[in-house]
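Hi,

Here is the structure I promised to pass on to you. Please have a look at it first, and then read my notes below.

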Amino acid sequence: MDIHHARCARWLLILSAALVVAFSVSLLLGRYPAPGLIAPQLLAQDDLAFRLAFNLRLPRMMAAVLLGVTLGAAGAVFQVLFGNPLVEPGFLGVSQGAAFGAAFAIVFLGATAVVTQASAVLFALAGLTLSYGTARLLRYGGWTLRLVLAGIAVSALFSAGVGLLKYIADPLTQLPEITFWLLGGLAAVTWNKLLSVAPTALLGLGVLTLFRWRLNLLSLGEQTAFSLGAAPGRERLALIVAAVLPTAVMISISGMVSWVGLIVPHLARRLFQTDTRYSLPGAMLLGGLFTLLCDNAARSLLAGEIPLGILTALIGAAAFLGLMIWPQTRLNFKP
Amino acid sequence: MTASEAALLAFHDVSFGYYRRRPPVLWDATFHLHAGRILAVVGPNGAGKSTLLGLALGWLSPWSGQITLSGRPVRTLSRSERGRWLALVPQTEHMPFDYRAVEYVLMGRAPHLPPLAAPSGADYEIALRALEQVGLVDFADRPVTQMSGGERQLLLLARALTQQPRLLLLDEPTAHLDLHNKLRLIQIMRQLRAQGVTMLMTNHEPDVVLAVADDALLMETGRPPLFGPLDAVFTEAALSRLYHLPVRVVEVEGRKRVLWT
């Protein structure tokens, strides 16, 4: 093979190592007993510190990594499948569906964590189903355009629903809870919550990883993909489900964490170029790393929690602007 | 063995249209393409030439009639089998992402790989050889989005060659090519024929058709197409009727040329 493959393999190794290091350091990072890093010996001696690290920090950090990996992968898959670098994992009615489900549970179903989470997953998948069904009914445009249009319409419906629910919600108890969910965050993650979503997320991510090279074929036109021995319709549906399921379950415990699924695939394609054999695993690692670091800042920068979604949006949007303006990054090859 | 079983590709009374309420695009098409021959599909715009390629590929399913590959209905081939038998060179292709040329061409290996496998070093060599054959080997690392129309057309040909098909379907393969590359394409097609590859090409350029084709299929809107060996079909009378203008076939320096005014 050529230098490019060696370079990509090296970068994947570097990113994996960076993720392991960041993860280990993050376990020591926090605001107990003082803001900053705690010494490993103290962790072993201080019972409270130990329980803090292993019952609160560890599941939360794992959720952050899994969330980032999921959003990065789903974003990369969607951008390739739709031939559009501006789509993000939730655009097929998934994010707005989940938001509606969560708000619905908070207002009408008593807002226990389990119910909110289940309702979010359910409505996220309903969003996907509705978008997909609507796209099949549309009678003009290519398959991609139809899905995009249907996704926009279904998202708008759910987001109107969220508006309505916010309007009727009790402003003292329910509204803050909805708002907090919409801002996104991992503060409430426990081992139980993490374990309830991890198998589904890992299953979807596993499927995507297996498809990492074949995904390239589906970026081509339908007839071309067909001529290369693919079944474009069926394979696309399989990949969409494999990308949306992890996204839906992860959003159900994190709330809306925006921009990760949009910016991370762009960064990955800069680093690994377009071939999804490398850019997809690259997007996974970058997403995990990015979300872990953002969540570290969210939980330890201030005495109070900063909503994760705000940080990812701030950093993600800034990075996106930078990527577009920075002249060197416009060219993707060296002559 | 009947004629259609002996042929590599056979159309038997094939009719097809995109809308049920309108007259069909393709009308009772019957022809046999034997292994190692080049068939040129000629006709005015909108006569259904690209549709015919879609049918041969199995992408479209005919209203009536039979399309067979070595005697087997083309739609019964498995997906990877189809990819190993047939390759398509589209006229143009929308390329939204800046794949490197060699990665783009490597996708042609897909039907030869086990499910979900990625191409190996050997596949990479095949892709590079295909790029070399079409004269794009120096462009291997170039993003496809920065290629010109002609270079892209050669790139699509390279991807089809990487598929190592038995039947190559070419849709207007010379549409974006300059004279030099046109000659290169003609030479490649002759090489492939010598290797036993069968080709079905649509083309608007009589000179290209006369240079490579063994058989011709003249397609006229609303009539069954006319099929036969090139010399028998590609005549002044038939071409004049096809394009509704006087066409002359003359011999210049020992080679046939088509003249029109």
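Let me start with a residue in chain B: Leu113(B) is partly exposed, because 17 other C-beta atoms lie within 10 Å, and a residue needs 20 or more to count as buried. Please keep in mind that this is a predicted model. Leu113(B) sits in the loop between helix H4 (101–106) and H5 of chain B. Its C-alpha atom is separated by 25 Å from that of Arg142(B), and the two residues are 29 apart along the chain.

Another loop residue of chain B is Gln146(B), which lies between helix H5 (121–133) and helix H6 (149–162). With 14 other C-beta atoms within 10 Å, Gln146(B) is partly exposed as well. From Gln146(B) to Trp85(B), 61 residues away along the chain, the C-alpha separation is 31 Å.

Glu172(B) is not a glycine, yet its phi is positive, at about 45 degrees. You will find Glu172(B) in the loop between strand S7 (167–171) and helix H7 (179–194) of chain B. Is Glu172(B) buried or exposed? Glu172(B) counts as buried, since 21 C-beta neighbours fall inside 10 Å.

Now for chain B as a whole. Its secondary structure comes to 10 helices and 12 strands. The radius of gyration of chain B is 19 Å, close to the 18 Å from the globule rule for 261 residues, so chain B is as compact as a globular protein of that length. Along the principal axes, the C-alpha atoms of chain B fill a box of roughly 50 × 45 × 35 Å. Of the 261 residues in chain B, 45% are buried. If you take the contacts in chain B between residues at least 6 apart in sequence, 65% of them join residues at least 24 apart.

On to chain A, where I looked at two helix pairs. The axes of helix H8 (residues 191–210) and helix H10 (residues 232–254) of chain A come within 8 Å and cross at roughly 160 degrees. H8(A) and H10(A) are therefore roughly antiparallel to each other, and the crossing is left-handed. Among the residues that meet there are Val197(A), Ala201(A) and Leu205(A) from H8(A), and Ala242(A), Leu245(A) and Val249(A) from H10(A). By class, this contact has 12 nonpolar, three polar and one charged residues.

The other pair is helix H3 (residues 47–81) and helix H12 (residues 276–300) of chain A, whose axes come within 7 Å and cross at roughly 140 degrees. The crossing of H3(A) and H12(A) is right-handed, and their contact has 17 nonpolar, eight polar and one charged residues.

Two backbone details in chain A are worth checking on your side. The peptide bond from Tyr32(A) to Pro33(A) is cis, with omega near -5 degrees; Pro33(A) is in the loop between strand S1 (29–30) and strand S2 (36–37). Gln273(A), a residue other than glycine, has a positive phi near 65 degrees. Gln273(A) lies in the loop between helix H11 (260–272) and H12 of chain A and is buried, with 23 other C-beta atoms within 10 Å.

Finally, how do the chains meet? In the model, 24 residues of chain A are in contact with 30 residues of chain B. On the chain A side, the largest share, four residues, comes from helix H9 (residues 222–227). That side has 10 nonpolar, 11 polar and three charged residues.

Best wishes

How values were computed: Residues numbered from 1 in each chain as written. Chains lettered and ligands numbered in written order. Predicted model: local features only at pLDDT ≥ 70, side-chain atom pairs only at ≥ 80, totals over all residues. Contact = placed C-beta atoms within 7 Å. Nonpolar A, V, L, I, M, F, W, Y, C, P; charged D, E, K, R; others polar. Rg over C-alpha atoms; globule rule 2.2 N^0.38 Å. Buried ≥ 20, exposed ≤ 12 C-beta atoms within 10 Å, placed from the backbone. Axes fitted to C-alpha atoms, helices over the stretch in contact; angles between N-to-C directions. Parallel < 35°, antiparallel > 145°, perpendicular 65-115°, else oblique. Left-handed = near helix turned anticlockwise from the far one by under 90°.
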